[in-house]
Structure formats: structure tokens, C-alpha cells
Amino acid sequence: MKWAETADGRIAGIGNKRLLISNEYTNRLVHKWRSEEAAILVGTNTAFYDNPKLTTRLWSGTSPVRIVIDKELRLPANLHLFDGEVKTIVLNSLKQAEEGNIFYLKLDWLDNLSVKICEALYNQNIQSVIVEGGTRMIQNFFDAGIWNEIRVIRNTALIAGDGLAAPVLPAGIKIITESRIGTDSITIYYRS
Ligand SMILES: NC(=O)c1ccc[n+]([C@@H]2O[C@H](COP(=O)([O-])OP(=O)(O)OC[C@H]3O[C@@H](n4cnc5c(N)ncnc54)[C@H](OP(=O)(O)O)[C@@H]3O)[C@@H](O)[C@H]2O)c1
């Protein structure tokens, strides 16, 4: 689980305004982290509001398979995620199909979606995933107890004032490493 937050614990501004939280060096570190995982997962709102590419363009190595949740297939086709540059899996409730580099996987949309997501990835031979937000997506995994490691980048010099709160760290965690790049602190947590 990975996110970047402001000094006052926000991951987005009011009305999902994108905040430039991490600096150019921590951004590059994030791309390195991406290159070390098989897949990268984001929630519907993150795909819509941030329009991320989720690639490793600031680092060498292979971009992970992109995975996005889009229950009703309402995300616009012009998002970067659908540009075909990298294999992309769309977890949804409506269709099972393969369209070029876009793979639609139909899931039973039951209560425990986090478990369903993991089962779907396992069935795709995907053995590791970095979840890059947003809050609801990550919180759902925390609530289900499904996570191995948490990486939080905190811009200690940036105050958002208001906006979307970061996920609540689960109980029973311990800090493994803390480092700093400029005004960004990088904290890695494991289960204690
Ligand atoms: N600073 C950062 O590191 C960072 C990183 C990523 C995103 N963000 C910000 O976070 C904001 C979006 O976060 P968010 O919390 O609003 O949304 P989100 O987690 O991106 O997406 C939430 C939506 O995804 C679907 N979803 C995903 N996982 C689900 C699950 N396990 N169970 C049920 N539904 C699930 C639901 O869509 P339906 O309701 O349609 O079913 C839900 O409304 C954006 O403004 C973005 O800028 C910041």
C-alpha cells in the first residue's frame, strides 16, 4: 500500500483537486517501487480524477500490469490507463473481454471485494501488487486485513488545510525504515 500525504494528512485537495505532494526525487523512487512489482492497482476515483499513467517512465525496468476498478465501466476511454501502452486489467461487474492490451475481468461484486480482487490477480498469475490509492481503495484492504507493507511519503512542508484524508493506518504496525529526501519523509511500515 502506498500513498503520498501532506503534513496535515491529506492525499487530495477539496473536490479531488490533485495535489503535487512528493518531490521529483521521491517521484522517481515511486517509479522504482513500481518496477519491482508485478502489478499496480488504483480505485475508480483515482483513475478518473488523476488520470495517472502508472508506468515506470522515471526509472528503468518493466512497467507493472495496470489494474483499475471500474464496476459499471463508466470510466472514459480517453484516460491514459486505456492507451494500450501497458497491459491493463479492468475489474468490473459487466463484461469479460480482451480488447488489444485491455483485459476486462468480470467479478461477482460481493461485499468482500478486496478478497475478490486478490483471487482475480492470483488467477492471472500476478503475485505482487502495489496499491496506489485512493483512500477508499486502500482502506478497504486495511479493513479486510489484506496488506503486507505500507509506504507513506509525507511532505512535511505542505499543508492542504482541507481535502481528502489519507487512509487510517491499521493497528499493530511497526516502522521498518524512515528516511528523508528534501522535505519528504518516507516511512515504511510492516505488521508488528
Ligand atoms: N496522494 C496520493 O498518494 C493519492 C494516490 C491516489 C489517489 N489520490 C487521490 O485520491 C482521490 C480518490 O480517492 P477515493 O478514496 O475517493 O477513491 P478511490 O479509492 O480511488 O476509488 C474508490 C472507488 O473505487 C471503487 N472501489 C475501489 N475499491 C473498492 C472496494 N474494495 N470496494 C468497493 N469499491 C471499491 C468504488 O467505486 P464505485 O463507488 O463506483 O463502486 C469506489 O467509490 C483522488 O482525488 C486522488 O487524487 C491520492
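Which residue forms a salt bridge with Asp83, and how far apart are the closest N and O atoms? In this predicted model, the partner of Asp83 is Arg66, and the closest N and O atoms of the pair are 2.8 Å apart.

## Salt bridges

Asp83 is partly exposed, with a relative accessible area of 38%, while Arg66 is buried at 0%.

The count of salt bridges in the model comes to seven. One of them joins the side chains of Glu132 and Lys2, with an N to O distance of 3.7 Å. This pair links distant parts of the chain, 130 residues apart: Glu132 is in the loop between strand S8 (129–131) and H4, and Lys2 is in strand S1. Both Glu132 and Lys2 are buried. Lys2 and Glu132 are also linked with Arg34 in a network of salt bridges. A further salt bridge is formed by Glu149 and Arg151, whose closest N and O atoms are 2.7 Å apart; Glu149 and Arg151 are both buried.

## The ligand and its shell

The ligand has 22 residues around it, of which Ala4, Asn16, Thr46, Asp50 and Arg136 come nearest. By class, this shell consists of nine nonpolar, ten polar and three charged residues.

A polar side-chain atom of Asp50 is 2.6 Å from a ligand oxygen, and an N or O atom in the side chain of Asn16 is 2.7 Å from an oxygen atom of the ligand. Thr135 takes part through its backbone, with an N or O atom 3.2 Å from a ligand oxygen. On its own the ligand has 930 Å² of accessible area, and the protein covers 86% of it. Strand S1 (2–6), S2, helix H2 (44–50), helix H3 (113–123) and H4 are the elements that give two or more residues to the shell.

## Helix H4

Helix H4 spans residues 135–144, and its buried residues include Thr135, Met137, Ile138, Gln139, Phe141 and Phe142. After H4 comes Gly145, which has a positive phi, near 75 degrees.

## Asn92 in strand S5

Asn92 is found in strand S5 (residues 88–92). Is this residue buried or exposed? Asn92 is buried, with a relative accessible area of 0%. A polar atom of the Asn92 side chain lies 2.7 Å from the backbone nitrogen of Leu94, and a polar atom of that side chain lies 2.6 Å from the backbone nitrogen of Lys95.

Beyond its neighbours within four places in sequence, Asn92 is in contact with Asp70, Lys71, Leu73, Tyr104, Leu105, Lys106, Leu107 and Trp109.

## Lys17 in a loop

Lys17 is located in the loop between strand S2 (10–12) and helix H1 (24–35). The residue is exposed, because its relative accessible area is 54% and the cut-off for exposed is over 50%. Although Lys17 and Gly163 are 146 residues apart in sequence, their C-alpha atoms are 8.1 Å apart in space.

Technical notes. Residues are numbered from 1 along each chain as its sequence is written. This is a predicted model: local features need pLDDT of at least 70, side-chain atom pairs count only at pLDDT 80 or more; totals for chains, interfaces and linings use all residues. Side-chain values use heavy atoms; hydrogens and water are left out. Helices (H or I, at least four residues) and strands (E, at least two) are DSSP runs, numbered from the N terminus. Buried means under 20% relative accessible area, exposed over 50%, partly exposed in between (1.4 Å probe, protein chains only). A residue is near a molecule or strand if one of its heavy atoms lies within 4 Å of it. A polar contact is a pair of N or O atoms within 3.5 Å; within protein, one must be able to donate a hydrogen and the other to accept it, and residues adjacent in sequence count only if both atoms are side-chain atoms. Accessible areas come from the Shrake-Rupley method with a 1.4 Å probe; for residues, only the protein chains shown count as cover. Ala, Val, Leu, Ile, Met, Phe, Trp, Tyr, Cys and Pro count as nonpolar, Asp, Glu, Lys and Arg as charged, and the others, Gly among them, as polar. Contact means heavy atoms within 4.5 Å. A salt bridge is a side-chain nitrogen of Lys or Arg within 4 Å of a carboxyl oxygen of Asp or Glu.
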